[in-house]
Every structure is written in structure tokens, then in C-alpha cells.
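User: I am new to reading protein models and would like to work through this one step by step. Could we begin with the terms and then move on to single residues?

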Amino acid sequence: MIISGALDRRRTAPKAWRVAQDIELMERCRAHLDQGLALRDLKLTPEALKFLGGFAPLTLKPLLVVLNVGDDDLSGERVKNVHERVRRAGIRHITLCAALEHEIAELAPEDQAEFLADYHLGEPARDRFLQAAFATLNLITFFTVNDKKARAWHVPPGPPVYYTH
């Protein structure tokens, strides 16, 4: 485990390299991970997140659960228990039928709307997935346009326009 190895190296490093805060943070993280919990669920300060970012722990990354169901279970009734577990855990999730989405993608655009209506789907799963992914990553799309080109920038919400480029 990366955190354990880094913690052991910090403890045995010369005093100048040992920082009590870093050791305490890594011990907290290791204890949390040893319980089988994700670091994204641990309350961490921005400084702690920046420090841990250097280790790139997988359980610190945002999580989006995609449930692939059959076209006979578009409501997700068979995966209701999974829906409930991820909802309780505060994890964003979507349900889709990949086989059905493949069929929709192969249709002409004018036929797609009718197909979606037949299955009581408001929009293709691709659109729902992208919306969920952007929300999970806390990003918005900011467009710039001039005479020669249009460009989409993916940025966190809230910064003034002149900071987004």
C-alpha cells in the first residue's frame, strides 16, 4: 500500500524530513483504509488533499457507478438494492441498457426520438452519462467563440471568465 510505504519511510527519515502533521495525516489515512473505507469519505483539509494528491490514491478519486441492465429492466428494478446502497453512500450513479443504447446510436437522428419515446426514455444514456460525469468531477463547460473557431473549456464552476483560459 502506497500510504503505508510512505509512512514507514517518513518515520525512518532524518528528523529534517519528518513532519509530524504529515505522519499524523498518513496514519489517519492508513487507519481509514485498513477499515476498508475510501479516502474520499474522510474529512480532509485542502492542504491535506494537496499533500495526498502526490500519492494519487485511487480511493480519493471521484466515483460514478454505471449500472448496465437489460432492456426488460429499464426501471432498474433488479438492481434496486445496488441503487439503494450507492445512494446511501452518497455516490452518484446512473442506470442504462448498453445494448439498447447501441441500437439508438445506429439510428438516424430523426428515428432516435421515436425510439426513445417507445422505451419511455427522455434522452440517450450518453447524455445522462456525460451530465453525471461532469457533476461528479464538479466541472462545467465554458464556450469561447471567435470568427475562426469555437472552443469548449471544461472548468470548475464559479471562477471569473478571465481565469478560465
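Analyst: Helices and strands here are DSSP runs, at least four residues long for a helix and at least two for a strand, and they are numbered from the N terminus. Please keep in mind that this is a predicted model.

User: In what pattern do the helices and strands follow one another along the sequence of the protein?

Analyst: The protein has seven helices and four strands.

User: What share of the residues in the protein is buried?

Analyst: A residue counts as buried when its relative accessible area is under 20%. The protein exposes about 11700 Å², and carbon and sulfur atoms supply 56% of that area. Of the 165 residues in the protein, the buried share is 28%.

User: Is H32 buried or exposed?

Analyst: H32 lies in helix α2, which covers residues 20–34. Leaving aside residues up to four places away in sequence, H32 touches L37, A38, L39, D41 and L42. Because its relative accessibility is 12%, and the cut-off is under 20%, H32 counts as buried.

User: How does A117 count in terms of accessibility, and how far is A117 from D73 in space?

Analyst: A117 belongs to helix α6, made of residues 109–118. Its relative accessibility is 48%, so A117 counts as partly exposed. A117 and D73 stand 44 residues apart in sequence, and their C-alpha to C-alpha distance in space is 16 Å.

User: Which residues make the nonpolar surface patch together with F129?

Analyst: F129 is placed in helix α7, residues 125–136. A residue needs over 30% relative accessible area to join a patch, and F129, which is partly exposed, has 35%. The patch has an area of about 230 Å², and the residues that make it with F129 are V66 and L130.

User: Among contacts with a separation of 6 or more, what percentage joins residues 24 or more positions apart?

Analyst: A contact means that heavy atoms lie within 4.5 Å. Among the contacts in the protein with a separation of 6 or more, residues 24 or more positions apart account for 38%.

Key: Residues are numbered from 1 along each chain as its sequence is written. This is a predicted model: local features need pLDDT of at least 70, side-chain atom pairs count only at pLDDT 80 or more; totals for chains, interfaces and linings use all residues. Side-chain values use heavy atoms; hydrogens and water are left out. Patches are made of residues with over 30% relative accessible area and no salt bridge: like charges are joined within 9 Å, nonpolar side chains (Val, Leu, Ile, Met, Phe, Trp, Tyr) within 5 Å. Accessible areas come from the Shrake-Rupley method with a 1.4 Å probe; for residues, only the protein chains shown count as cover. A salt bridge is a side-chain nitrogen of Lys or Arg within 4 Å of a carboxyl oxygen of Asp or Glu. Buried means under 20% relative accessible area, exposed over 50%, partly exposed in between (1.4 Å probe, protein chains only).
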